[in-house]
Amino acid sequence: MAHALKGRTAIVGIGTAGTGEAPGRTAIELLAEASLAAIADAGLKLADIDGLFAATSTHAFPTLSVAEYLGVKPRFFDGTNVGGSSFEMHLLQAALALDAGLCDAALICYGSNQRTAGGRLVSMSEPQWHETPFRPRHPITAYALAASRHMHQYGTTRAMLADVAVAARAWANLNPAAFARGPLSRDDVLASRMISDPLTTRDICLVTDGGGACVMVRANRARDLKHKPAYFLGGAGAQWHRSIAQMPDLTVTAASDSGPRAFAMAGLAQPDVDLVMLYDAFTINTILFLEDLGFCPKGEGGRFVADGAIAPSGRLAVNTNGGGLSCVHPGMYGMFLIIEAVTQLRGQAGERQLKKCDIALCHGNGGTLSSQVTALLGSDAAL
Amino acid sequence: MSTTADAPSGPQAQFLAHLKDGRFMIQRSRSTGRYVFYPRIAIPGSGETDLEWVAASGLGTVHAITVNRAREGAYNIALVDLDEGPRLMSRIEGVETVPIGTRVQARIVTLEGEPAIVFDPVGEKN
């Protein structure tokens, strides 16, 4: 039986700002602009916001900074920062708080000027003393180590990794808002510069600027607002390690724990899902998460993606915005999984719109394959 | 052998002091025989605090490896499974890379002014 939280709340507004390049603007300016856009999209006013959820790479106390900047006085707030998956966790926290009546309108928000401020992935804020002598370049080193192990254990090849990037680009080419567009072949990926074996520049996500936000309310109120609600159907998080050296099995992520619990809360299974949004900071992520979330058997992720299964007109729609690999990745990408899922559930995705999209899975990842949070969203038809 | 509990400093400082003296020591629970690395105040998950320092065999197996292609040169970073069980991050010396499964032996070197554990391939594979 589905959980009591299923369908009790919904996302009613989404907004972005400065995705791609936003020179001259700060992280919180982008966050605030995206937040105001999401609130307006919901047909609400800033003063309606009484729940605040935020995590950024630049703020130690994100909800304090955001509440002050926007001038809101939230009754409930949560600044959980588990990396890029924080926003999927915030969906669950907001659903709980809204359902319990602790707040009535929840804003979940993010902003970063990572591309124009430095042009590099922001590294772990907390160096691990037992790792630093070996000069790992996290997060890339950690994901490269996981990829090396997956290749060793399951025969996954660099060409299979490349096909993840090729599929993402093919979707990006259908999305005018995607930052990286244009032809990209398997050979292009294989010929690109090696950064950390086996990952090349094309196996690694973009570094962009961008703000993103969404607004959640209880389902009864959602039905009276402007857009088709994207109902929160289920969500769950799992975290098993901080440092890649402590990951129990480099080929099995905690998505294998968060996924089943999110599906159970929603009373759904993999064949019900129309859209799969996966945190593809690196090509190996997509393969690992397809396996761990049950879309293919463990070890088969590479072969699963190698026949165009996740490209446009494939068997499974994955990362239809172009993903972190080709659409947008301002340091923490999790918010943008949600924004694309809502866009598809509303039927507003233009040329890339799926024929049928009633159930979307968003899977966030944070740290170095460390925190895993799965959320299921759905249209009216999913209730 | 000193234990973690009766020492004036914490396990991290004790480990580094051993390393400065040229010893690669790891912690083991007296009651369960389980080893842990990096050094901690208890065995993670089960919580035993009866930890003692024992000399690591220094033998291990490469579990995963990458070569960082930095502009200033390429160097590898590996995860090594010690024969005692724990896994640690390190470097395989004298080679650009080695196959996963390569047997390796620990050695203490100085990296950026501090003692650190690196590994050399020992030929044998498993």
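1. The accessible surface of chain B (Shrake-Rupley method, 1.4 Å probe) comes to about 5800 Å², and 51% of that surface belongs to carbon and sulfur atoms. Of the 126 residues of this chain, 51% count as buried, where buried means under 20% relative accessible area with a 1.4 Å probe, protein chains only.

2. This is a predicted model, in which local features need pLDDT of at least 70 and side-chain atom pairs count only at pLDDT 80 or more, while totals for chains, interfaces and linings use all residues. Residues are numbered from 1 along each chain as its sequence is written, and side-chain values use heavy atoms, with hydrogens and water left out.

3. Chain B has one helix and eight strands, which are DSSP runs (helices H or I, at least four residues; strands E, at least two) numbered from the N terminus. Along the sequence, the order is α-β-β-β-β-β-β-β-β.

4. The C-alpha atoms of chain B fill a box of roughly 45 × 35 × 25 Å along the principal axes.

5. In chain A, the buried residues of α9(A) are A255(A), S258(A), G259(A), A262(A), F263(A), M265(A) and A266(A). Seen down the axis of α9(A), these buried residues fall within an arc of 160° (directions from the helix axis to the C-beta atoms), so they line one face of the helix.

Note on methods
Chains are lettered from A and ligands numbered from 1 in the order in which they are written. Buried means under 20% relative accessible area, exposed over 50%, partly exposed in between (1.4 Å probe, protein chains only).
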